Amino acid sequence: MSLTSTDKVTPSSRAGRAWPAGTCQGHLVRAVRTEVRRGLDWQQTADRVAGVLRGNLPDPADLLPGPLRHGDPDRYQSHLLYVEPDGSFSVSVMVWRPGQQTAIHDHVAWCVTGVLLGREYEEIFALTDSGNALELAARNLNLAGTVSGFAPPGDIHRVRNTGHDVAISLHVYGADISRLGNSIRREYTLPILP
Ligand SMILES: [Fe+2]
C-alpha cells in the first residue's frame, strides 16, 4: 500500500521542494506508530522502532522514483516521505553518491536508520576539552540491511558513503521534519583531537 496520497499524507511544499517525494509503505508506518504510541523514553522508542525496521527494510524502488535514486552530484539528498499527523515521527530516505557526507551533527530527537543499498561509514564523536573539541569515540561500517537506533545525548556523528556506488538509507525521526526542515540540532565545527 502506498501512502503517497492516502492516510492523511498531504503533499505540500517546504523550501520550494515538494513532498512527499516518494511513498512510504502503510504497514511500516502503522508498525512505527504502534511503537511510538507506547510513550516510552527516546532510547526505548528508538530501540523498538529499530526492531520494526530490522528484517522489514523496503526496496528503494518501492520508496523513490528512479531519478531520485541516482542521487545528486552536488550533495547528498534527503527526501521526506511521511509525517505523522500529530508530528510525533517522520520518515525520510537519504541518497548518497560515493564520497558524499554529512557535517558532524547531533539531533533534536531519537532516530533510527536502516541502510537499504550500498554502505555508510559512520564516525561517532564525543565532546572533550570542556566542550571545546571533539574526539572520535567509535566507527561503524553499516552495510545494506544494517539498522541502528539512537537517541540524544551522545549522538554526535558524521556519515559518509565510502562505497563505489550510490548508498540509500531509510530514516525515522521522532520529530516533525516538515516543520523543522531536518533533524539536526547542531552542526559541530570544533577541532577533532587525535
Ligand atoms: Fe545524523
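Predicted model: local features only at pLDDT ≥ 70, side-chain atom pairs only at ≥ 80, totals over all residues.
Residues are numbered from 1 along each chain as its sequence is written, and side-chain values use heavy atoms, with hydrogens and water left out.

**Figure 1. Overall view of the protein.** The protein contains three helices and 13 strands; helices (H or I, at least four residues) and strands (E, at least two) are DSSP runs numbered from the N terminus. Its radius of gyration is 16 Å, close to the 16 Å that the globule rule gives for 194 residues, so the protein is as compact as a globular protein of that length. This radius is taken over C-alpha atoms, and the rule is 2.2 Å times the number of residues to the power 0.38. The C-alpha trace spans about 50 × 40 × 35 Å along its principal axes. Of the 194 residues, 46% are buried, where buried means under 20% relative accessible area, exposed over 50%, and partly exposed in between (1.4 Å probe, protein chains only).

**Figure 2. Strand β4 and its covered residues.** Strand β4 comprises residues 90-96. Seven of its seven residues are buried. The side chains of S90, S92, M94 and W96 point one way from β4, while those of V91, V93 and V95 point the other way.

**Figure 3. The strands that pair with β4.** Two strands pair if DSSP finds at least two bridges between them. Strand β3 (residues 77-83) pairs with β4 in the antiparallel sense over six bridges, and H79 has V93 as its bridge partner in β4. The hairpin of β3 and β4 has six residues between the strands, and G87 takes a positive phi near 75° there. Strand β11 (residues 167-173) also runs antiparallel to β4, to which seven bridges join it; I168 in β11 is the bridge partner of V95.

**Figure 4. Surroundings of L63.** L63 lies in the loop between α2 (42-53) and β3. With 2% relative accessibility, L63 counts as buried. Not counting residues up to four places away in sequence, L63 touches G22, T23, C24, P58, L81, V93, L116 and L170, a contact meaning heavy atoms within 4.5 Å. Q25 is 38 residues from L63 along the chain, and the C-alpha atoms of the two are separated by 7.8 Å.
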